[in-house]
Each structure stands twice: as structure tokens, then as C-alpha cells.
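Thanks for coming. I will take a few minutes on one model, and questions can wait until the end.

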Amino acid sequence: MKRKITLKHIARELDVSISTVSKALKNSHEISRDTKDKVQAFAKLYNYKPNNIAISLKNKRTKNIGVVIPDIVHHFFTTVFRGIEKYANKRGYNVIVCVSDESFDKEVINMEMLANGSIDGFIMSLSAGTQKKADFNHLKEVTEQGIPLVLFDRVTDEVACDKVILNDESIAFEAVDSFIKTGRKKIALVTTDAYFNVSASRGKGYVKALEQNGLVFNKDLVLTLPYEDLDEQTIRNFFSTADVNAVLCVNEIFAIHCMGIVQCMGKRIPEDISFIGFTDGILSKYSKPTLTTIAQHGDKMGEVAAKLLIDRVESDNEEVEEPFCTEVISATIIKRESTIN
């Protein structure tokens, strides 16, 4: 079976530019007959078929950006969207947002809908369904045609594109290290399934902080929860059996749920058990006690993502493609009442 061929493959094999390949396939008068014959023969041999969705994107400048996020309720994603919109508007672009609801199928449908000549490029964070399936073909089909894509927060190495991520591992290390410095050594991690790249990175930081402080990693102190439909009994059972005096949660919602349950069990926060959670949202500011959080600076992440995308959309040099980059946003710990300062 022949592999799926793209404009980039043809350009690389024949040692010409992507632009030359594209024009040759359209029988442009700008390209010599010899080059057109070579390109068209190669394309026929490998059964090249253009991506019509991608072509509609490439040929029209709409001044619109498509944004696909997993969840509109989550505070972090709303702040990222605000950052994208604010920056894009300054550059004269409008933003169209779709929500995948953590579904692979909805993510694909959203991309197909937006790509129907409506936008100039995509900014997106992968859905839980996409990360679980590890199926990124819908993204590759767009990027292989030269359509700009920026992934943020939930990303994958399987797709060649610009990315914006948080320093998840190092900030998780810093959070756990801060627990240890206040005398807390029985530290639990409340996390999601490892196919979430952000949870995996935060887990690495947690383990590294324990080990560098001479503490042994204990898998029994790791509670893995589903990203939806939290089971309070599972949380209650964990804190009934695990001997812990500090907890790092990979998101704000997990932290607030766990704090409420341990308080109902008669534990005092932070005297008996301290909490730190990722995402500095509204829940953290108004919980009782207020939650020490890791601020992910979603507005900054959105601004950086929008700049990367628009700069690539407006790049006039089609002959030489700028290398893709990964920008890292530095998180900060905001201390509140759920930890001993």
C-alpha cells in the first residue's frame, strides 16, 4: 500500500519548493513544462489527492481564527480564550470558538466545520477523547497542507506545529517542595489518567520533588480520578485509608471537591492537611478555606498562541518555512489559606 503523499513529500522528493509543486499541479504557466511533467507524474504515481478543506483555507484570507477548546466551563480555558481574542482583535482578526466537550468526534466535526473556508488557521487544546485515542490524523491533514495550527496546554509530539505549554513539571516540583519545606512529608497526588500530557508532566514533577528530598514515592498515595463525573465515595475511601498531610491536585475542581470531603470527615485545613491545586479560578478565591493555587496565566498563553498563529498566517515567505517553536509559560504559586505559609 502506498503511503499518503502530501505537497511537502513531493517537494522534498523532487527538491523543489511547496509553492512550485502547488503551481505545477494546477498547470500554472509560471512553471516550466519539464517541472510540471515531473511533479504531475510523481503525484499520479503516489495517488496524491489534495485536501479540499485545507485548500479552501489556504486560498482565502478571512481574518478569522478558529479556536477549539475542550471545555467552556473550566476557568483556565475561558482565560486562554480571552487572551486569544484580545490579541487577535488588536491585529484585526475575529475569533470563532467551538467546544469539543472532551470528545474526539466533536473535535473533528468542529475542525471540518470551521475549515470550510471560514478561518485562516486553528488554535486548539486537545480533547480528552483525542488524547485517549492518540489519533491525530485530522490535525496532520491540515498541517501537512501548510495550514497554520497552534496547540496549547494539551499538546502532542505527533503533530508538527507551534505549541504553547506550561512549565507543568517544574511548577509541580516547586509545589511539592514547598509542602516539604513546611514539614509536610506525607504528600498525595490527585490526578487524571496519564494520557493527559499535562497530568503526566505534573506527576513527574511530584515524583521528582519527593525523590530529591529523600522521600520514597508511594503509588498508594496517588488518587486517579475521571475528568468527569467525580465519585465522592472514591475520594472519601482514599482519604479514609491514606495517611497524608498534604495534597497536590492537578486541577482546581479536584482540589475543591477533596477539601470539602476531608472537612466533612473532621480534618482541619491546613492544620491537619494542606492543599494546592492547579488553576487560579473563582472557586479557589471563594472556597472555605481559600485554596493555594498554581496560576497558569491562561490569558498570557492565549496571547502567545494568537501571536504565533497570526505571524505564521501573515508570513509572506512560502519558499522557506520558519521552524516550529514551543513557547513555555511560567506558572506561579499563589498562597492562600489552604497551606501553612
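First, the ground rules. This is a predicted model, so to speak of local features I need pLDDT of at least 70, and side-chain atom pairs count only at pLDDT 80 or more, while totals for chains, interfaces and linings use all residues. Residues are numbered from 1 along each chain as its sequence is written, and side-chain values use heavy atoms, with hydrogens and water left out.

Start with the core. By nonpolar core I mean a set of buried Ala, Val, Leu, Ile, Met, Phe, Trp, Tyr and Cys residues joined through side-chain atoms within 4.5 Å. Buried is under 20% relative accessible area, exposed is over 50%, and partly exposed is in between, with a 1.4 Å probe and protein chains only. The largest such core has 67 residues, and those with the most contacts inside it include Ile-123, Phe-152, Val-247 and Phe-275. Helix α14, residues 298–313, gives the most to this core, with eight residues. Helices here are DSSP runs of H or I with at least four residues, strands are runs of E with at least two, and both are numbered from the N terminus. Apart from this core lies another, of 18 residues, including Leu-139 and Leu-151.

What does Val-247 contact, leaving aside its neighbours within four places in sequence? Its partners are Phe-179, Ala-188, Val-190, Phe-239, Ile-273, Ser-274, Phe-275 and Ile-276, where contact means heavy atoms within 4.5 Å.

Next, the rings. There are eight aromatic pairs in the structure. Rings of Phe, Tyr and Trp (its six-membered ring) pair if their centres lie within 6.5 Å; planes under 30 degrees apart are stacked, over 60 edge-to-face, and the rest tilted. Phe-77 and Phe-152 have ring centres 6.2 Å apart and planes at 65°, so they form an edge-to-face pair. Phe-77 sits in helix α5 and Phe-152 in strand β4, 75 residues apart, so to say distant parts of the chain are linked. Both Phe-77 and Phe-152 are buried. With Phe-76, these two form a cluster linked by ring pairs.

Now the second largest pocket. On a 1 Å grid over the protein atoms alone, a pocket is an open set of points where a 1.4 Å probe fits, with protein on both sides within 12 Å along at least five of seven lines; lining residues have an atom within 4 Å of a point. This pocket holds about 470 Å³, and of its 25 lining residues the closest to its centre are His-74, Glu-102, Arg-154, Tyr-227 and Asn-251. Helices α5, α10 and α12 each supply at least two lining residues.

Then helix α2, residues 18–25. Ser-19, Thr-20, Val-21 and Ala-24 are buried there, and their cover includes α1 and α3. After α2 comes Asn-27, with a positive phi near 60°.

Last, the backbone. Most residues other than glycine have a negative phi, and most peptide bonds are trans. Asp-101 has a positive phi near 55°, in the loop between β2 and α6. Thr-279 has a positive phi of about 85°, and is buried at a relative accessible area of 4%. The bond from Ile-269 to Pro-270 is cis, with omega near 10°. Lys-288 and Pro-289 are also joined by a cis peptide bond, omega about -5°.

Key: Grid points are joined across faces, edges and corners, and a volume is the space filled by probe spheres set on the points.
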